[in-house]
Amino acid sequence: MNKEEISLFIERNLTNFSVNSTGWDDLIRKLLFEFAIAGWNMEHRVFGKEKFGGLRCYTYSEDEELNNKLKAIKDKYSELSVKTCEICGSEGKMRTVGSWQTTLCLNHFLEQQPVIEIDEKQNVRRDHKTLLNIKNIVKADLEYDLQRMWIHTKSFGNPEETFYFSWQEPNYYLLLKTIPLSIFPEDRRNEISTLFQSLQDCEICGYKAVHQKTCLRCHHEQWNESGYFVEDYGEKSHYIKECQMDIFIDEEDYEKYFTYDQSFEKSTDHQILFSSDDLREYEKLLF
Ligand SMILES: [Zn+2]
Ligand SMILES: [Zn+2]
């Protein structure tokens, strides 16, 4: 088989793959190469795209034997794609960004995730861009559970603007705490101040962030003696231990994303309940 012809075939068809970036180019090139050596007629085009964070190739052959080979090749590269960052090609995993499924390495995942910052001049920034200044807020609306907020601003010479923030972004609760209470509708003010005054220590993550039995920092439900907890974990320390190990393993990279969250204070006497042996046993169960 003529190597030059294969190379031309590969470069010609690379652009038939509708993908988000260039991170999968090597995988697509290899897939096309394998198509060629499997006997695919290189005069014909090969098509594919990214779907739900994975590489899909939609090209089939009428020839059953060839088609089986193609299917095996397509499956192989589809499996590899969900471990390869779509942007840079380094090791990645499937992530949800906004409401999209996408395969990204840790750096590109963190880069795409919104982070709220509030600077000393009361500028509210997201992804290093200034959105608004707290002094210019004229109104703020909250969802019933306080987990989402719409901020309306008006500054001299500018039209009124609205910004949306959610609890899934680091420093959301810091923002909620920083905005003067008088900005919020009168019937919600009490709820907001009660939330910050009544926070309890979370024995799992070690932040003073427990509100109505759930931690606003690590999102774990706090232990209680109900059937479900006792049935699954036996006793409280087992539950806390397992949740702490989940946080340490950080499979979803949530902790890495929330590293700079300053919404909550750390508790002073937080105890780590798991040992290195516990961790090894637990990892064996998980992976
Ligand atoms: Zn990457
Ligand atoms: Zn917690």
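In helix α2, the buried residues are L27, I28, L31, L32, F35 and A36. Buried here means that 20 or more other C-beta atoms, placed from the backbone, lie within 10 Å of the residue's own.

This is a predicted model, in which local features need pLDDT of at least 70 and side-chain atom pairs count only at pLDDT 80 or more, while totals for chains, interfaces and linings use all residues. Residues are numbered from 1 along each chain as its sequence is written, and chains are lettered from A and ligands numbered from 1 in the order in which they are written.

**Helix α2.** This helix covers residues 25-38, 14 residues in total. It reaches 20 Å from its first C-alpha to its last, close to the 20 Å expected at 1.5 Å a residue. That expected span is 1.5 Å times one less than the number of residues. An α-helix has 3.6 residues a turn, so residues three or four places apart point the same way. The buried residues of α2 pack against α1 (3-14), β1 (17-18), β2 (48-51), β3 (54-57) and α3 (64-81). Contact means C-beta atoms within 7 Å, placed from the backbone. After α2 comes G39, with a positive phi near 110 degrees.

**The whole chain.** The secondary structure comes to 10 helices and 14 strands. Both are DSSP runs numbered from the N terminus: helices are H or I with at least four residues, strands are E with at least two. The C-alpha trace spans about 75 × 60 × 30 Å along its principal axes. The chain has a radius of gyration of 25 Å, whereas a compact globule of 287 residues would have one near 19 Å. The radius is taken over C-alpha atoms, and the globule rule is 2.2 Å times the number of residues to the power 0.38. Buried residues make up 23% of the 287.

The domain bounds come from an automatic or database domain assignment.

| Domain | Residues |
|---|---|
| domain 1 | 3-92 |
| domain 2 | 114-188 |
| domain 3 | 199-287 |

The C-alpha centres of domain 1 and domain 3 lie 42 Å apart.

**Two cores.** A nonpolar core is a set of buried Ala, Val, Leu, Ile, Met, Phe, Trp, Tyr and Cys residues joined through C-beta atoms within 7 Å. The largest has 24 residues, of which C202, I204, C205, A209 and C215 touch the most other members. At least two residues of this core come from each of β9 (137-142), α5 (172-178), β13 and α8 (236-249). Domain 2 and domain 3 each supply at least three. A second, separate core has 16 residues, including F9, L27, I28 and V46.

**The sheet.** Three strands form an open, antiparallel sheet in the order β12-β13-β14. β12 (200-201) and β14 (214-215) stand at the edges with a single partner strand each, so one side of each lacks a neighbour in the sheet. Strands pair if DSSP finds at least two bridges between them. Two bridges join β12 to β13 (residues 208-211). Q200 stands opposite V210, and D201 has K208 as its bridge partner. Six residues lie between these strands in their hairpin, where G206 in the turn has a positive phi of about 85 degrees.

Two bridges also join β13 to β14. H211 stands opposite T214. Two residues separate the strands of this hairpin, and Q212 takes a positive phi near 45 degrees.

Key. A residue is buried if 20 or more other C-beta atoms lie within 10 Å of its own, exposed if 12 or fewer, and partly exposed in between; C-beta atoms are placed from the backbone. Two residues are in contact if their C-beta atoms, placed from the backbone, lie within 7 Å.
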